[in-house]
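Here is a friendly briefing to read alongside the sequence and the coordinates. Please have your viewer open as you go.

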2 protein chains.
Amino acid sequence: MMTARTRFSYRLAALLTAAWAACAPASAEEGMWSPQSLPLEVFQDMRAKGLTLANSSEIFNGSGTGVANAVVSVGATGAFVSADGLILTNHHVAFGAVQRMSTPEKNYIEEGFLARNRDEEVPAFGYRAYVLLESEVVTDQIVTGLQYLSPRERYDAIEERSKRLVRDAEQGRDVYCEVNAFYGGGAYRLDTYLRLNDVRVAYVPSRAIGEYGGDIDNWMWPRHTGDFSFLRAYVAPDGSPADYSEANVPYKPTRYLKVAPEGLADGDFAMIIGYPGKTRRYLPSYALAHFENFEYREHVRLYERELDVLDAQAATDPVARVRVAGWTKGINNRLKNNRGMLDGFKRFDLVESQREMEGQLLASLESDPEAYAECERLLGEFRVLYAEQSEHAMKDLLMELMLGRGPLLSQAMLLYRWSLEKVKPDMERDPDFMERKIPDLKRNIRLFQRSFHLQSDLEVTRMLLEEMASLPVGERIDAVDRIMGSAADAEIAGVIDGFLKPLYGGTRLHLLDERMRMFDLSHQELLAEQDPFIMLAGQLYEENEARLEREKYYEGVLSGLMPDWIAQVGRWSGDAFYPDANGTMRLNYGEVKGYSPRDGVYCEPFTRLRGVAEKHTGVAPFNCPQRILALVADRVYGRYYDPAIGDVPVNLLTTHDSTGGNSGSPVLNGRGELVGCLFDGNYEAMTSDFRFQKDLTRSISVDIRYILYIAEYVDGAVNVLEELGVK
Amino acid sequence: MMTARTRFSYRLAALLTAAWAACAPASAEEGMWSPQSLPLEVFQDMRAKGLTLANSSEIFNGSGTGVANAVVSVGATGAFVSADGLILTNHHVAFGAVQRMSTPEKNYIEEGFLARNRDEEVPAFGYRAYVLLESEVVTDQIVTGLQYLSPRERYDAIEERSKRLVRDAEQGRDVYCEVNAFYGGGAYRLDTYLRLNDVRVAYVPSRAIGEYGGDIDNWMWPRHTGDFSFLRAYVAPDGSPADYSEANVPYKPTRYLKVAPEGLADGDFAMIIGYPGKTRRYLPSYALAHFENFEYREHVRLYERELDVLDAQAATDPVARVRVAGWTKGINNRLKNNRGMLDGFKRFDLVESQREMEGQLLASLESDPEAYAECERLLGEFRVLYAEQSEHAMKDLLMELMLGRGPLLSQAMLLYRWSLEKVKPDMERDPDFMERKIPDLKRNIRLFQRSFHLQSDLEVTRMLLEEMASLPVGERIDAVDRIMGSAADAEIAGVIDGFLKPLYGGTRLHLLDERMRMFDLSHQELLAEQDPFIMLAGQLYEENEARLEREKYYEGVLSGLMPDWIAQVGRWSGDAFYPDANGTMRLNYGEVKGYSPRDGVYCEPFTRLRGVAEKHTGVAPFNCPQRILALVADRVYGRYYDPAIGDVPVNLLTTHDSTGGNSGSPVLNGRGELVGCLFDGNYEAMTSDFRFQKDLTRSISVDIRYILYIAEYVDGAVNVLEELGVK
């Protein structure tokens with residue numbers, strides 16, 4: 001446990017907030033800037049590098065006429081590209097909606113979908129577009145007096161104050177608000193969004209284009225993926241946000257992006273605007289070591305086990321193969337990410353170089369005993385925190401995989417927790433269970449069904465139970481111990497087997513309708529159902545609450561340490577000093593540029609149409625449409641030919657700093673015009689979330705010319721081209 | 001069987017021989033030219049592209065003063081680089097010698113070897129250096145009257161006439177002669193070599209440098225291998241060739257290559273001279289289909305099985321692991337090659353494109369009925385030949401793997417055949433068993449022991465017997481059928497097991513001394529040994545002879561068809577028209593140039609010293625010497641720094657046309673000075689043996705600057721540098 005040594009000060013918070021307004025960016029590429037408060041130096045640097053917009057209000061302003069005002073959050077990122085609310089985003093962002101609108105007769109995932117007119121557009125249920133209206137710094141309202149609280153109290157205070165700020169801001173307005181922490185809690189901001197609930201699918205290319213290369217090419221360069229799609233936001237006839245209705249009309253954005261069909265050239269200035277989810281650029285070495293030695297290592301091990309289990313099922317059962325395809329895809333994606341992280345941690349020696357940096361920081365403070373002591377204290381606190389976290393890490397990870405985002409038991413735990421939370425006043429609930437989140441909870445329950453397969457679910461639960469059964473003494477889970485009884489090691493498999501059969505045999509929780517019905521039950525009614533899964537969730541409830549409590553405690557400690565630490569690091573390095581990504585809108589500028597992944601190899605910044613055909617094997621994910629093969633053979637380029645590369649550009653590399661959430665971010669030229677749609681980063685720079693690698697970190701986008709080429713020559717999407725003002 | 005339709009004409013032979021003297025090379029890169037008869041157009045093209053030598057006699061001449069006169073055959077290729085007979089070749093070419101001079105106390109493979117003076121140089125037993133003295137066209141002496149012979153008679157006639165020409169040429173001179181076929185037998189040449197039998201090891205870098213990247217990087221780019229070594233040729237004090245003796249003195253070559261320590265730059269003219277072994281650029285589609293559908297496919301399958309067997313042994317037995325390491329390495333090398341071949345056949349659609357070419361060739365002859373009929377006839381004969389060859393291909397392949405170059409049984413067959421051949425007059429023997437080849441036979445027997453491991457040998461034999469046991473009816477091997485008796489499929493494994501135990505338990509053939517003793521026995525004495533392996537060889541002898549007869553027959557047919565076919569193709573295409581590689585000296589010119597293995601990726605033509613350190617993992621084959629890591633960290637470049645790449649160059653790419661046998665070829669600049677040492681080709685162009693791919697085919701060499709850098713900064717080989725005239 002943290003001791004009384006823990007002190008906490010916000011004396012550096014002012015410095016951090018000031019950092020928004022004044023800083024000297026070390027490099028154009030690194031740094032995710034809030035467009036609402038773009039530092040003057042950053043804007044000047046952008047101008048020097050190729051931006052032609054005259055002042056920063058042309059980037060973002062409260063009237064909604066800046067280029068960033070056209071950028072929306074749709075889970076990941078999208079951007080308005082027409083006066084009628086047409087949104088460009090990634091194929092993989094719209095994937096779920098297209099999957100749901102497909103039927104056995106009409107598989108829009110495989111065939112693609114093009115609405116020839118508005119009437120043909122199909123609702124993307126569960127999709128919402130968030131349009132950022134305004135941002136307000138609320139640091140004082142959140143942090144005042146926090147220094148007098150214990151870590152756990154501090155967590156509650158921040159949550160409580162945030163909830164109130166949101167409630168007050170949303171009161172009487174049809175808006176959606178969020179309080180977001182910056183600089184590890186050194187600053188807070190209240191962001192207000194217009195939430196558009198009626199989003200529809202307008203045009204999606206076939207999977208063979210939009211997902212070309214699939215898991216194999218995922219995170220790789222060279223890339224040849226047409227990862228784009230078009231949605232459209234609708235509102236009530238009076239212009240207000242509304243749920244889906246036939247009477248709704250296209251939303252008229254104040255600002256939309258103009259398409260620049262000429263695209264970019266190697267070395268050209270470019271910027272991206274989007275909603276990056278999470279970076280961790282200011283973590284101390286103790287945290288990095290925890291990520292390398294525990295988080296990624298154990299996740300890789302457990303994902304591999306999970307994949308083995310799912311693959312074994314899929315190998316013998318074709319139904320399982322279809323049902324768990326999405327699940328498997330998700331694990332493969334995270335597995336590749338986490339392996340890349342481990343590669344990167346090793347390649348860049350992140351822990352050791354951070355340790356060296358910390359040594360240099362301390363050395364630089366030797367003439368300032370007070371600052372030296374403060375830094376030493378912070379590092380000491382981090383050491384204690386991560387040592388403590390490591391102690392319970394395995395148990396907590398297994399519970400998270402089982403109860404948080406895992407197999408059917410996670411649904412039981414969700415229903416169980418909800419039945420307890422629903423009776424509380426809204427402001428006292430866990431934020432995930434507040435009234436405004438109910439649609440998300442229901443969506444979670446519905447989505448679960450999409451990739452549910454009973455036997456596969458059972459096998460994954462078995463694997464996790466085996467893992468839990470081998471936790472060391474002191475970290476064991478009571479409910480699991482009770483299941484195991486006094487079984488010897490050799491008997492455990494049999495015991496688990498005997499436990500799982502009645503569990504899965506006696507439940508009704510695997511039926512979507514049943515879960516939706518139970519969602520509306522009171523706690524007593526839910527218990528009265530006597531469903532074995534609900535009962536097991538009840539037995540695990542306390543242990544899971546203890547885990548969530550630990551998480552809150554860790555967060556409380558960190559919210560005390562990080563602001564001071566980040567300020568120390570920032571002040572010392574004098575380097576790029578921007579807040580970590582936190583799901584809020586960010587702008588980042590750089591240029592079109594290749595890179596050398598290793599000595600002797602240069603990755604060119606553009607790939608070519610003929611490269612799509614070159615990868616064709618006839619087998620997914622490299623099953624290139626015949627139409628494209630014919631176009632390549634006939635050398636049909638239209639106006640999208642780029643003489644510099646001798647072909648139609650397909651994907652491009654830029655030096656932009658991006659991460660998960662940036663998917664779908666518009667790539668803009670110096671005039672703020674649309675030239676591409678970001679969809680990935682490169683494998684070699686996976687650890688950029690921790691350390692930006694100027695020579696290696698690249699963002700991967702679909703070139704606007706490929707989007708237009710596919711629309712024109714493959715899908716004949718004349719209406720889309722016309723709406724984009726092309727032709 | 002071939003029918004009476006088979007006709008044969010040498011009317012095109014004159015055209016082919018003339019091709020040596022007059023042709024228009026389509027591209028500088030493609031084409032392996034004989035330096036002795038360099039076509040004027042080729043020399044002019046070389047001059048136009050950067051060669052500064054004034055006339056072609058400066059390339060090669062009978063007085064031995066041309067740059068090509070400095071190039072020797074040492075199994076692969078080497079080149080004299082000092083007035084005292086110092087030879088530069090590859091590390092992998094000298095590997096066997098270094099392995100044999102190593103002892104448990106002193107492992108020169110791992111540590112490298114540097115003789116500080118002549119006395120410290122160590123004999124490379126079994127190594128010879130062949131210095132080309134003169135070449136004479138002997139087409140008429142070989143081909144006269146061949147058209148009246150059957151294929152099988154033709155084979156014998158060519159062999160007989162060649163033997164006589166060699167015997168006459170060697171008579172009374174201390175030289176080594178060979179008759180070589182060009183243009184598939186359309187032309188013949190008698191080459192005369194000085195054979196230097198006393199070759200010694202002067203300087204070899206450590207394996208961690210010379211084999212850096214090992215099997216993993218083999219055939220790959222980017223590459224960071226210091227694949228070089230220095231040998232020295234010795235002669236008797238009177239200057240004549242002699243076996244090893246302490247009294248011998250360094251050979252004084254008439255010409256040696258001058259080192260150009262400044263190396264080359266991207267785009268620079270360069271040429272290579274060496275002894276490429278075999279290319280197949282003029283094969284008809286039927287032959288290509290046979291290579292794709294049978295040769296490479298079945299070899300890959302059988303190599304994989306063999307590797308499985310060897311790996312399983314190595315996994316349980318550390319002794320096996322060490323003993324079969326070389327064997328495994330060889331299979332891995334061929335397996336990677338053959339897989340690359342299959343990839344390339346598919347990628348470039350070689351069979352289909354050749355078929356199209358043949359269609360075009362026929363179409364072009366429609367106005368010339370006689371030529372059309374001739375072409376049609378040739379294609380028809382090829383079709384029949386390869387259909388026939390395919391019939392017995394599986395059986396012949398298994399016998400070749402078992403008896404030709406395989407496990408212990410191949411040694412038994414060698415002894416058995418030798419005991420029958422030795423009693424014949426020399427001129428009537430199989431050329432492999434003539435007196436002049438006895439040292440090679442003994443070397444074969446000694447070398448076999450190096451990677452022999454009884455249990456592994458037994459398991460590979462078992463695998464091949466299983467394969468033989470499943471040959472189809474009509475293709476079965478009598479001796480194997482007798483072993484199997486009437487065993488049902490399920491019993492075969494047991495039968496083979498019961499057969500192998502006494503075979504391996506009762507033999508003395510696994511002992512080198514015993515094999516050397518038996519080498520000197522008469523046929524009757526050998527049989528009297530009653531060794532079960534010799535007895536098995538005897539039972540298989542007739543079947544094996546039938547296989548060798550078939551090979552001679554196929555060759556006889558081809559020697560009738562290929563000259564006409566090549567002439568037809570050459571006349572029609574008007575393209576580069578040079579003879580296939582056949583183990584004779586060739587020159588090829590091109591430039592330093594990178595390539596794009598696939599869209600979006602560019603392979604730079606130079607790799608860098610820091611790239612060696614980047615690949616370091618601490619585990620072989622990427623266990624970079626600490627010394628190099630320190631040099632990289634300290635940025636020690638000396639005079640070998642190339643500002644164009646910001647580092648010391650390590651390996652380089654050129655557009656040269658090369659193949660197996662070119663290993664060790666000197667890379668020369670426009671002045672004929674030494675700038676590198678070729679050691680490999682790139683994976684993407686594996687099928688260049690069949691079709692040269694201008695955009696993809698590259699040769700990989702060690703940059704002379706890396707050789708000198710390693711000598712100076714890692715090994716302190718001051719004496720070598722001085723002898724090279726550097727410093």
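What follows covers symmetry, nonpolar cores and salt bridges in turn. Please keep in mind that this is a predicted model. Chain B superposes on chain A with an RMSD of 0.1 Å, and the structure holds 115 salt bridges over all chains.

**How the two copies are related**

- Tyr602(B) has the C-alpha nearest the axis in chain B, at 2.5 Å from it.
- Both copies use the same surface, since 100% of the contact residues of chain B recur in chain A.

**Nonpolar cores**

- In soluble globular proteins, nonpolar side chains tend to be buried together.
- The largest nonpolar core here has 188 residues, and those with the most contacts inside it are Met46(B), Ile59(B), Phe230(B) and Met271(B).
- Helix α13 (residues 369–404) of chain B gives the largest share of this core, with 15 residues.
- Another core lies apart from it and has 187 residues, including Ala70(A), Leu361(A), Tyr683(A) and Ala717(A).
- Which residues does Phe230(B) contact, leaving aside its neighbours within four places in sequence? Among them are Val81(B), Leu86(B), Arg200(B), Tyr203(B), Ile707(B) and Leu724(B).

**A salt bridge between distant parts of chain A**

- Arg128(A) and Asp440(A) form a salt bridge, with their closest N and O atoms 3.4 Å apart.
- The partners are 312 residues apart: Arg128(A) is in the loop between β5 (122–123) and β6 (129–137), while Asp440(A) is in helix α15 (residues 438–450).
- Arg128(A) has a relative accessible area of 17%, so it counts as buried, whereas Asp440(A) is partly exposed at 32%.

- Asp156(A) pairs with Arg152(A) in a salt bridge whose closest N and O atoms are 2.8 Å apart.
- Both residues lie in helix α6 (residues 151–170) of chain A, 4 residues apart, or about one turn of the helix.
- Asp156(A) is partly exposed, with a relative accessible area of 37%.
- Arg167(A) and Asp168(A) also meet through their side chains in a salt bridge, at 3.5 Å from N to O.
- Arg167(A) is partly exposed at 35% relative accessibility, and Asp168(A) is partly exposed at 45%.

**A network in chain A**

- A network of salt bridges links Asp84(A), Arg118(A), Glu121(A), Arg232(A), Lys252(A) and Glu723(A).

Definitions and conventions: Residues numbered from 1 in each chain as written. Chains lettered and ligands numbered in written order. Predicted model: local features only at pLDDT ≥ 70, side-chain atom pairs only at ≥ 80, totals over all residues. Heavy atoms only, no water. Core = buried A, V, L, I, M, F, W, Y, C linked by side-chain atoms within 4.5 Å. Buried < 20%, exposed > 50% of the residue type's maximum accessible area, 1.4 Å probe, protein only. Helix = DSSP H or I, 4+ residues; strand = E, 2+ residues; numbered from the N terminus. Contact = heavy atoms within 4.5 Å. Least-squares fit on C-alpha atoms with pLDDT ≥ 70 in both. Salt bridge = Lys/Arg side-chain N within 4 Å of Asp/Glu carboxyl O.
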